[in-house]
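Open the model in your viewer and keep the selection panel at hand. The tour goes from the ligand to the metal, then to two further stops.

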Amino acid sequence: MELAKETVLEMQHIMKIYSNGVVANKDVSLELKKGEIHALLGENGAGKSTLMKVLFGIEPPDQGKIILNGSETAIRSPQDAISKGIGMVHQHFMLLPSLTVAENIILGVEPRKKKFFIDMKQAVKAASEIAEKYNFDIDVTAKVEEIPVGIKQKVEILKALYRGADILILDEPTAVLTPQETEELFVQLEKLRDDGRTVIFISHKLDEIKRICDRATIMRSGKSMGTYNVDEISTNDMSKLMVGREVVLEFDKEPAKPREVLLEVRNLSAYNTQGVQKVNGLSFEVRGGEILGIAGVEGNGQSELIDAITGLSRKYTGEILLKGEDIRKESIKGIREKKLAHIPEDRMASGCASHLNIQENLFSNQYTDDAYSGKLLLRTKTIQKRSDELIKEYLVKCKSQKQEVGMLSGGNIQKVIVAREFSTGPDVIIANQPTRGIDVGATEFIRRKLLEFRDAGCAVILVSADLNEIFSLSDRLAVMYKGNFSGVFTDVAHVTEEELGQYMLGIKNDHRKAGAAK
Amino acid sequence: MAGNIFSADFVNAILRMSTPILFATLASGIASKSGITNMALEGMLLFASLFGVIFSSLTHSFLGGLLLTMLIGGLIGLALAFFILQLKTDEILAAIALNLIATGGTVLLLLAVSGDRGASTSISSVSAPIVHIPFVEKIPFLGEVLSGQNLMTWLALLAVVVVHVFLYKTPMGLKIRAVGENKNAAESVGISSKKIQYIALVLSGVLCSMGGYFLSGGYMNMFTKDMSAGKGFIALAASSMGADTPIGGFLVTMLFGIAQALGNLMQLTTIPTELIQMIPYLTTLIGLAVYSYTVMKRKSRLGVH
Ligand SMILES: Nc1ncnc2c1ncn2[C@@H]1O[C@H](COP(=O)(O)OP(=O)(O)OP(=O)(O)O)[C@@H](O)[C@H]1O
Ligand SMILES: [Mg+2]
């Protein structure tokens, strides 16, 4: 029999208006219990991150109060929040790339020796202990700039746990994790819950909410739509509350009609920035009119493959032919002029210029185009008109096209990037985690777009950690493992998730077998 | 001339000329690591060289003069920080203002305090002592270099080590680097970036004032108008070429010192002095070019073909 759990924290009638006039939270109330995992749900721009920033002392609320353990408190800074036992993992990384994992974890709460010095030995020890405790396999002496995104996310979580949070805010922690990693994280979250801690979990993936959360508060356009027991509400009802309409994520797609080869990779070996070989003699081709899905555990060479194809890195041997032409000597601009579009995986690092406005970001890949630029000056009118169209078409939630991209919600930043890439009418699309952090409605939209492009004869490479996405979109499906394809499936409908998992972990590996037979 | 280059005198000249720049380079490094470009080094040097003369004469002691000058340096750093962090003045504009104030202000202040115009001829200041090391000074060459240096030169070398340890081994140093690299990230773990930047700028001011003190109490024995003569800017360049690390900054400063000492030697030849005076600045330019070239090389080293 379960006792009614006690309330640890209440946010009452929170109102937050940003300085540019955006009302991000309107009269939102949230009640958290001890020992629960509480989901916060809502479309992109609904105000989830804002509410959490208020709770963590980053953004002062314009109205409303916070009641912690029965007494009203003001949380004035992150420092204040941390000292009150609140920890937060932000939607976008808050790590220092030039420091090691251990340094990042202990930053601000450094163990000392002889009073004045950092006890680095102790720091490394403490960091590895906490990593071990939560079953995260991380080399704590590695520099953060050298580790893959999935590990970075784990470091963020450890950072919060190391500070001993009783209330842990996780803003879309699973967006960058693979299903296996997500499952591992969930085991840890359950442990925390059983410890009597409270976890606030933000995610756009409703099955995750179902799987792990006790209660869910749903937000729409800055307002709360109520709190529900997760057992008692269907995912359909959840998305209806979020979006205000039914969302269909499954669609019947026509079988692919592959045409000529648009992209060919021949015997590619690619290296990461440290010079470690990550892609091993990989060869494949993608035809117009098909989507090649690439699944795999992060760090198996996907990033290096994509960087090579898009011209971001020249650290490779072998050949990459775009419409039959070798692109090694091409500039990135040259490659893009051959009608290749790229949605990068890390939207803040390489997807956008966060201090520029939406319009400038939308045109950063085509401002030299004659349609948008005269001999000397940009054709501002045309650009403005086109920006408005794109913002409307791609459902970017913003005040105006002059708003700084960095001030948009995470999902809306992603939409700006997708709009930019799709608006050039590409022939080849490299989509790396295209719907990461995007709400259900917009996810549906982007997936449909990808299919539209395919049907129009575009060659698409889709790299995604979201197996649903991979299964529902791919015409061919490849699994990347240790720098090569451990399996390639043409009959995607008949691949099971278990089978795929075995290929992802290298338990099954057609490539190795084929290699051995040679 | 070759004989001159390998003499102890030459090495001494390098060290002597590098001392003020080295302090300022370290000062620049700390500020930059915290995310602020301290372009006010020039003015800070100038103020400190005047106050050094005044304070050492008031206290009749080198140490008293130095400590009070360091205090003033810290206050100037604090003022700069106040404008940049509190009043949100642009850091470059604030620095330019400070440099301009220093140019006129020091002359005015000198006139008010002593009645001297342009040089502190009537102030009897105390210079930093020369350190003679018994026995060692008898060793040829080595003894001549190790012994007979100004105490401030030793302090500058010591400061390289201290600042290095401070930045890389202490919690405060880690916080300074964190704030400089990504303010938001640092704040998200509860570090107050404002406080850290205040501290960094105050320390920067203190270090820089030691360089200024040496200018008028070691390098020369009085204050003269505009005596910093661009050393603050050279230090800024040296620090950034040394990736704003104390060790890197030290190496580059030494390189500049060598260039300048060479230049001084060349003044004995028939080469026009104007050309020779360009040497420190020219080395800065060449150094920067070499630096960016090696960075580029390193980046593309892994690129195949
Ligand atoms: N710093 C800021 N300045 C101005 N407006 C902002 C700022 N941050 C967010 N906003 C706006 O506030 C609204 C809510 O944003 P918020 O980041 O809270 O959304 P979210 O629910 O977290 O969305 P997502 O799922 O996309 O992360 C958005 O319209 C956004 O444009
Ligand atoms: Mg968000």
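Start with ligand 1. Domain 1 (7-243) and domain 3 (349-424) of chain A both supply residues to its shell, so ligand 1 lies between them. Those domain bounds come from an automatic or database domain assignment.

This is a predicted model: local features need pLDDT of at least 70, side-chain atom pairs count only at pLDDT 80 or more, and totals for chains, interfaces and linings use all residues. Residues are numbered from 1 along each chain as its sequence is written, chains are lettered from A and ligands numbered from 1 in the order written, and side-chain values use heavy atoms, with hydrogens and water left out.

Now select the shell around ligand 1. It holds 21 residues, each with a heavy atom within 4 Å of the ligand. The closest are K48(A), S49(A), T50(A), S409(A) and G411(A). By class, the shell has six nonpolar, 12 polar and three charged residues. Here Ala, Val, Leu, Ile, Met, Phe, Trp, Tyr, Cys and Pro count as nonpolar, Asp, Glu, Lys and Arg as charged, and the others, Gly among them, as polar.

Next, show the oxygen atoms of ligand 1. A backbone N or O atom of G47(A) lies 2.9 Å from one. A side-chain N or O atom of K48(A) is 2.7 Å from an oxygen of the ligand. For a polar side-chain atom of S49(A), the distance to a ligand oxygen is also 2.7 Å. Taken alone, ligand 1 exposes 640 Å², and the protein buries 92% of that (Shrake-Rupley method, 1.4 Å probe). Colour α1 and α14 (410-422) of chain A: these elements give two or more residues to the shell. α1(A) gives the most, with three. Helices are DSSP runs (H or I, at least four residues), as are strands (E, at least two), numbered from the N terminus.

Move to ligand 2, the magnesium ion. Which protein atoms are its donors? They are OG of S49(A) and OE1 of Q91(A), at 1.9 to 2.1 Å. S49(A) sits in helix α1 (residues 48-55) and Q91(A) in the loop between β6 (86-89) and α3 (101-106) of chain A, so the pair ties together parts 42 residues apart in sequence. Donors are N, O and S atoms within 2.8 Å of the metal (3.2 Å for Na, K and Ca); water is not among the atoms, so sites may look incomplete. Both S49(A) and Q91(A) are buried (under 20% relative accessible area; exposed is over 50%, partly exposed in between; 1.4 Å probe, protein chains only).

Last, pick N361(A) in helix α12 (residues 358-362) of chain A. N361(A) is buried, at 3% relative accessibility. Then select G244(A), in the loop between α8 (235-243) and β13 (261-271) of chain A. G244(A) is partly exposed, at 48%.

Conventions
A polar contact is a pair of N or O atoms within 3.5 Å; within protein, one must be able to donate a hydrogen and the other to accept it, and residues adjacent in sequence count only if both atoms are side-chain atoms.
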